[in-house]
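Good morning, and thank you for coming. I would ask everyone to look at the structure on the screen while I speak.

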Amino acid sequence: MGALLEKIKIPHDRFEMRLSGSGGQGMILAAVIMGEAIGIGGKKNVVQSQSYGPEARGGASKSDVVVSPNEIFYPKAMRLDLLLAMTQESLDSYYPDLKEDGVLIVDDVLVTDFPTDKYYGLPFTRLAREEAGHVMVANVIALAAIAELTGIVDREALTNAVLNRAPRGTADKNKKAIEIGFREAARLKEKKG
Amino acid sequence: MATAVKQRSDVILDYIRPRKKFPSVWCAGCGNGIVMSALIRAIEKAGYSKDGIAMLSGIGCSSRMPIYFDVSALHTTHGRALGFATGVKFARPELKVIVITGDGDALAIGGNHFIHACRRNIDITAILLNNYIYGMTGGQGSPTTPSEAFSTTTPYGNVEKHFEPCDLAAAAGATFVGRTTVYHAPQMEKLLGDAMAHRGFSLVEVVSNCHTYFGRLNRQGDAVSMINHFKEQSVPVAKSRKMSPEELEGKIVTGKLHEVDKTEFCDEYQRVVDAVQGRN
Amino acid sequence: MPDKKRVLMQGNHACVAGAIYAGMRFYAGYPITPSTEVAEGCARRLPEIGGRFIQMEDEIGSIAAVIGASVAGLKSMTATSGPGYSLMVENIGYAYMTETPCVIINVQRGGPSTGLPTKVSQSDTMQARWGTHGDYTAIAVAPSSVAETVTETIRAFNLSERFRTPVTLLLDEVIGHMREIITLPEPGECEVVERVKPTCPPEQFIPFEMTESLVNPMPAYGEGYRNVITGLTHDTMGFTTNKPVEIAPKLDKLRNKIMRHVDEITRLRTEFIDDAEILFISYGSVARAAFQAAKIAREAGAKVGAIQLQSIWPFPDKELMELCARCRKVIVGELNMGQVAIEVERVLPRDTEVHTLLRYDGEILTPMQLLEKLDEVL
Ligand SMILES: Cc1ncc(C[n+]2csc(CCOP(=O)(O)OP(=O)(O)O)c2C)c(N)n1
Ligand code: SF4
C-alpha cells in the first residue's frame, strides 16, 4: 500500500443506509419512500439504488439510500451507516458492509443469529400483522423506527412521503404503522439509555 | 380511341416525378411498369391529392417504384418498409400510405413486419409485386419460389415450400386482401382503388413477370409469353369457389379474396388519447 | 411552491421527462432490460399530451417507425439496450444517410450477445460510433446523473434537429435504474431547438443542397414538397447516384456538417482540476466514482482531478488536449476493455502516461478501486 491510501478518509458528509430483506417485503418501495421523505421533505440530496433483476425477485433484496447535504458523487454505498435487516439471510449478506459504529436495526423475530450485540431489535413483521392490521406495512413501521432512532428525517416529512405512495384505501393502516414505529423505537431508545 | 390513349398518358405524366431522370432501372417489359401505371390510374380515379400520399418501399426492383412517383417517397431498407410506414401513418394519420414491396422484401427479410402490420390493421395499402424471385440481386430463390422451380440459388430445383401471401395476410389479420396479375390491368386498377379506399390494412398481391431471371431460368420465355401464361392460369375468385382443389392446382385466383370490418389501429389509439385527455 | 418541482426520479424516467420537454411526441420500441422503463414511461405519458406510443414487433421495426414518424414531422425516439441496438444499426445508418433526426437511447448492459441483462457496462461506446456500416460521423452523449439525463436528453434532441442526424444517448444500467432527487426544468428554462422547414416553393426546393451550413431545411410529409428520400447514395435532389463527383461530396457533407461544430457539441465536466498533476478521465456512472475518488484524494493532499466526458462522439480531441496539457498522467476508467482509452491515447501527447482501470465483470468501478490505481501510478 502506497502513501496515499494510508492518508485517505471515508467521506464524512454522507449518510448511507441499506434496507434489506427478502423479495416481497417492500424494501425497494421503502427506500423510495425514505428517499422522497428526505429529499423532498428534508431538502437533502438523495440517491436511491437497488439490486435489480432476478435477485430482486425473491431471495435477498436490498435497496440503498445515500443522503448528503452536498452533491453526492459516488451513487452507491461505500460503507454503511445504517443497515436494516428484515431477514437472517439479508443480515448475513450485508452485515460486513456496515461500518464499525454503524446502526444495525433488525426484525428480531425473523432474525435469530446475531453477529453483534450492538443492535436495535423490533418485531416489525409481527407488529404489522398484529397491531397495524397487515404484514404489508412492516416496511413502514421500520421506516418510522429508522426516523426515530437516527433523526434523519422528521415525522411529518416521513408521513407525507408514505401517504403519497400508499395505495388507495390504506392510509389509515399506514398512519398506524408510522405511529407504532415511532413509539416502539422511542421505547427501545429509552431502554438502551 | 386515339384521344383516349393520349389522355391516359397525360394522367401518367401528371404523377411522375418531374425532375427524375428516366429511363427507370427496370428491364424493358418488366411487370413493375404495368403496376405503376395501374396504380396511377387508381389514384387519379379516387382523386387523392398528391400531397396527401406517402409512398414507401423496401429494397428490390419493385421497391424502386416510389422514386418515380411525384409524391412524398421513402425508399427504405430491405424488408422494413412496413415498419417505416407504421411510423409515417401513426404520426400523420391523415396521409394515404402506400407500400410497394417485393416477395423477398415482404415475406423473407420483412416477414415479421408484414404479419404484424396485418395484425395491427393499421390503415396502409401494401402492394406486393410477386415475381417468385429476387430480381434486384440477380435471380435467387424467394419465399414464393414454387417447389422445384429454378433460381440461381436453387440450381437443381427448389426443395422448399412456398408462402401464399394472401392466405398469410388474411390469417395474420389483414382486413382487405386481393390478388391479380399484370395481365389484368383493369382489374388491378379496380382492386387497387378498393384497397386504398378500405380503412385498415389492405394487401394486393400482383403476380408479376421477371422474365429476365424467373422467365429465363424456368424456360417461360419473354415478358409477353409470361404475361400470357398468367392469363391462362388465372381464375376469377367467384369461379374458383365452384372448383375442386385438384382443378385449382397451379391456378392464380384473382379478385377480392377477403374483406372484413375491424377497428383500425390509429383510430383505436386516438380513442385512447381522447379518453386519457378526458375528452370523452 | 418551488418545492413542487423536487422529485425523486429514476434515470430511465428522466429520459422520458427530458424527451417530452424537448418536444418528443413519438416513441416506438421493444422491451429490453435495462431500458424498459423508458418505454413504460412513454406508454403512459404520451397519450396524455396527444403523442404516440407504439410497441413494435422488434427493434428493427422500432427504429424504422421512429424514422418514419420523423419524416412525417414528429420528434421521435426509441430506447433499447445492447442486443436491440445491434438490431437497429442498419436503420440507424439509414437515418445518417437520409439526414433524419431521431434519438436512440442505449441503456448499456454487459455483452456480447444476450450477456448480462441486469448488470452495468459501458461496452457499447464504440458501437455508438461505428455501429452501422459505412463512413459517417456520429454524435453520442453520456450523462452521469439523473439530472444530467434530463438535460442531455433535451440536448440530444437539439443536436439531432440542429444537425439533422441520429443522436445516441448512452446511459448505463446504474444511471438508468438509480433514483435521485432532481428539479425538473420549467418551460423556457432549457433551450429547445425546432426543426427548420423549407420556406421556398416546392418546385425550387433542393432537399440536400450544398449550402454554407450543410444542414438543409426538412419538410414533413404532407406539406407539399413531395420529396424523395432514399438510403441509396443520392445527389442534392435526393435521387440515387453512382457518380464519383456526387458520392464523395455527400459523404463529406455527412461528416463536415458535424465536425465543423465539434465545439458546440462537446461538453465536459471537470472537478478539482486546477493544479492537478493526475487526471481521471471517465464518463457515465464511472464519472461519479472518479469525482468521489478525486475528492477523497484531494482531502488526503494529492493533486488529483477528474474529467467527465458528457459527450463522447465526436471525441473531444482539442478540449482533452488542453485540459491535460499540464498533467503528466491520466487514468482512464471505464466499464469495458478500453474503448475510450484508445481514443485518449490517440489524442494525448506521447509523454503523457495513459493508465487504464477497466472493469467488465458487471459491476461499477468503485472510488476505492480508483484510489488504489492512483496510489499505484502516483
Ligand atoms: C439487409 C439486406 N440484405 C440483402 C440485401 C440485398 N437485396 C437487395 S434486393 C434483394 C431481394 C429483392 O427481391 P424482392 O423483394 O423479391 O424484389 P424484386 O427485386 O424481385 O422486385 C436483396 C436480397 C439488401 N439490400 N439488404
Ligand atoms: S430483373 Fe426482373 S424484376 Fe427486376 S426489373 Fe428486370 S424483369 Fe423486372
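Predicted model: local features only at pLDDT ≥ 70, side-chain atom pairs only at ≥ 80, totals over all residues.

Let me begin with the make-up of chain B. In this chain there are ten strands and 13 helices. Its radius of gyration is 19 Å, close to the 19 Å that the globule rule gives for 280 residues, so chain B is as compact as a globular protein of that length. Along the principal axes, the C-alpha atoms of chain B fill a box of roughly 65 × 45 × 35 Å.

How much of chain B is buried? Of its 280 residues, 57% are buried. As for contacts within chain B, consider those between residues at least 6 apart in sequence: 68% of these join residues at least 24 apart.

The side chains of chain B include 31 positive and 27 negative ones, and 4 Å separates the centres of the two sets.

Finally, the interface. Here 33 residues of chain A are in contact with 36 residues of chain C. Between them, the two chains bury about 2,900 Å², with 61% of it on carbon and sulfur atoms. Which residues of chain C lose the most area to chain A? They are C:R6, C:L8 and C:R179, which together make up 20% of what the chain C side buries.

Thank you for your attention.

Technical notes
Residues numbered from 1 in each chain as written. Chains lettered and ligands numbered in written order. Heavy atoms only, no water. Helix = DSSP H or I, 4+ residues; strand = E, 2+ residues; numbered from the N terminus. Rg over C-alpha atoms; globule rule 2.2 N^0.38 Å. Buried < 20%, exposed > 50% of the residue type's maximum accessible area, 1.4 Å probe, protein only. Contact = heavy atoms within 4.5 Å. Lys, Arg positive; Asp, Glu negative; His and termini not counted. Charge placed at Lys NZ, Arg CZ, Asp CG, Glu CD. Buried area = accessible area lost by both parts, 1.4 Å probe.
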